[in-house]
Amino acid sequence: MTLKLLFIGIGIMVLLSYMSLTGSLFNILAEIIKTPMLLVYLSAIGLGLSSGVLAYTSLVKSSGPVVAVAVATLRKVVTVLLSYFVFPKPFTFIHCCSALLVLSGILISSRPRPSLPGRVKSSLSDLEDNAGDDARGGVNSELEEGEEQEQEQDWESAQFPYSKDQLLLSRSLSMSGTM
């Protein structure tokens with residue numbers, strides 16, 4: 001906490017020094033004396049921005065960076081949509097096409113990917129549970145010899161749009177975090 005206060009103090013000193021060298025500090029002080037509500041408005045803006053940063057930081061710590069990015073992106077989308085209601089403007093054909101392209105891109109990227117038969121992962125926590133497994137192949141390295149043969153038969157009888165090698169590569173890339 002004291003390190004944060006030190007950085008804040010240094011930032012204030014640098015800002016005040018720069019403003020006094022450029023002469024804008026005196027203009028701001030004269031404007032605040034003339035219009036005292038300006039100080040209230042500036043304080044409200046500062047408190048709003050700092051509480052937004054604090055909320056975002058708390059969201060990252062509690063829910064993780066993926067959820068925080070999703071919330072931040074959703075906030076931007078809602079802001080754009082609200083701007084059409086609050087400040088009416090024409091919604092043209094090109095806007096409609098653009099919205100459909102963005103929506104279709106989101107839907108395509110969020111579709112479920114094929115997984116190995118019998119090894120469906122229902123959530124990220126299932127993958128994290130297996131993170132400490134053997135590096136040779138995760139869960140598959142613990143299979144008994146009979147289970148491996150049974151799994152080979154499952155592969156041969158299953159109808160997938162992807163080959164076994166493609167699915168294994170996809171699984172190993174997703175388990176290693178590079179996908």
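Biologist: What share of the contacts in the protein with a separation of 6 or more comes from residues 24 or more positions apart?

Modeller: In this predicted model, residues 24 or more positions apart account for 35% of the contacts with a separation of 6 or more, a contact being counted when heavy atoms lie within 4.5 Å.

Biologist: How many helices and strands does the secondary structure come to?

Modeller: The protein has 8 helices and 0 strands, and read along the sequence its pattern is α-α-α-α-α-α-α-α.

Biologist: Why is α1 called roughly perpendicular to α2?

Modeller: Helix α1 (residues 2–22) and helix α2 (residues 24–34) have axes that cross at roughly 95° and come within 5 Å; since angles of 65 to 115 degrees count as roughly perpendicular, α1 is therefore given that description relative to α2.

Biologist: Which residues make that contact, and how do they divide by class?

Modeller: On the α1 side the contact is made by L16, M19, S20 and T22, and on the α2 side by S24, L25, F26 and I28; these residues divide into 5 nonpolar, 3 polar and no charged.

Biologist: What makes α3 and α4 oblique to each other?

Modeller: Helix α3 (residues 37–63) packs with helix α4 (residues 65–86) at an angle of about 140°, their axes being 7 Å apart. Roughly antiparallel would require an angle over 145 degrees and roughly perpendicular one of 65 to 115, so the pair α3 and α4 is classed as oblique.

Biologist: Which residues of α3 meet which residues of α4?

Modeller: From α3, Y56, L59, V60 and S63 meet P65, V67, A68, V69, V71 and A72 of α4, and by class this contact has 9 nonpolar residues, 1 polar residue and no charged ones.

Biologist: Why are C96 and C97 called partly exposed?

Modeller: Buried means under 20% relative accessible area and exposed means over 50%; because C96 has 32% and C97 has 27%, both fall in between and count as partly exposed.

Note on methods
Residues are numbered from 1 along each chain as its sequence is written. This is a predicted model: local features need pLDDT of at least 70, side-chain atom pairs count only at pLDDT 80 or more; totals for chains, interfaces and linings use all residues. Side-chain values use heavy atoms; hydrogens and water are left out. Buried means under 20% relative accessible area, exposed over 50%, partly exposed in between (1.4 Å probe, protein chains only). Helices (H or I, at least four residues) and strands (E, at least two) are DSSP runs, numbered from the N terminus. Axes are lines fitted to C-alpha atoms, for helices over the stretch in contact, and angles run from 0 to 180 degrees between N-to-C directions. Angles under 35 degrees count as roughly parallel, over 145 as roughly antiparallel, 65 to 115 as roughly perpendicular and the rest as oblique. Ala, Val, Leu, Ile, Met, Phe, Trp, Tyr, Cys and Pro count as nonpolar, Asp, Glu, Lys and Arg as charged, and the others, Gly among them, as polar.
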